[in-house]
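Reader: Could you walk me through this structure, with the cut-offs spelled out as we go?
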Amino acid sequence: MKSNIDIKNIAIQAIQEEAKAVADLSQRIDDDFVNVVKQIVNLQGRVIVTGIGKSAIIAQKIVATMNSTGTPSIFMHAADAIHGDLGIIQQQDLIIAISKSGTTPEIKVLVPFLKQTGNTLVALVGNINSYLAEQADYVLDTTVDKEACPNNLAPTSSTTAQLAMGDALAVCLQECRDFSDQDFAKYHPGGALGKKLYLKVADLSDQNEKPKIQSNARIREIILTITQHRLGAVAVLEQDQIIGVITDGDIRRMLENHQDLSGLTAADIMGAHPKTIDKSELAVNALHMMRQNNISQLIVLQAGKYDGIIHIQDLLKEGII
């Protein structure tokens, strides 16, 4: 067993090796890369990404990234392609073949069939003098000096470089298409990520009750209203205009500061100028406001009028935090 220091040094060396492989890619962004981006932007079909072994796994990730950022893509396993999956390819598709060596048997068998389809073939390859590179219309060079593997065998630096080149393609395509966060939300409706992009304050606050009292309300009414509605706060209104808010914290401070509660009203203990948010805002913006102001709830407005309360627990339930 290696010592603790040895293990740390091995990990650091592996990371540094892979970081260098990615950094070196910046010198290989050439006209072929630009032409591939332009072709994909103007593509009427889809991007078909294929590979074998570890390159197939990278291909699947590139496909997932492209699909989620507005570029319709399909993964085609190189081994399965010659056993029927070539039927996936349509006339207007573009094909990206991923391989470190560019000479694996499956790739050498597959490439002639890909050429027969007449589709544009892009080689994302770690050997620009390989069979795959020579047959491709465009070459994306992912050559690495060495693998992070101590035996220089297991795909490590090379697959990291492939992944980074795929991400570079996806980011360029996003920029060229002006793909916005709202576009992104369309493809991510589920999970916390999607909710941050589309869930509105109204989606949460409309499920809550809308506790409110008048400015002359007495202490008993205030406490009962806060307790009944379980939002930890109540809005204080005067002629239908929001003038303040009373929270659980305000109640505690009132008890600390006043011996005689009999004459107190909502106007005496409320916090004036409460933090508010329009119900049309994104729920994640409500979270940012709560964090910035170190509070647990916000008054929700519609057209400047009181419309309810959103609580930090609402955001927790939706997994936004």
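Author: The side chains of S215 and E238 make a polar contact at 3.0 Å, a term for N or O atoms within 3.5 Å, where within protein one must be able to donate a hydrogen and the other to accept it, and residues adjacent in sequence count only if both atoms are side-chain atoms. This is a predicted model, in which local features need pLDDT of at least 70 and side-chain atom pairs count only at pLDDT 80 or more, while totals for chains, interfaces and linings use all residues. Residues are numbered from 1 along each chain as its sequence is written, and side-chain values use heavy atoms, with hydrogens and water left out.

Reader: Is S215 buried or exposed?
Author: S215 counts as buried because its relative accessibility is 12%, and buried means under 20% relative accessible area with a 1.4 Å probe, protein chains only.

Reader: And what is S215 in contact with, beyond its neighbours within four places in sequence?
Author: Its partners there include V236, E238, I243 and T265, contact meaning heavy atoms within 4.5 Å.

Reader: Switching topic, which residues touch the most other members of the largest nonpolar core?
Author: They are M66, I96, L140 and L169, out of 26 residues; such a core is a set of buried Ala, Val, Leu, Ile, Met, Phe, Trp, Tyr and Cys residues joined through side-chain atoms within 4.5 Å. Setting aside residues up to four places away in sequence, L169 touches F33, V36, V37, M66, I96 and L140.

Reader: What lies apart from that core?
Author: Another core does, with 19 residues, among them I95, A97, I107 and L121.

Terms used. Buried means under 20% relative accessible area, exposed over 50%, partly exposed in between (1.4 Å probe, protein chains only).
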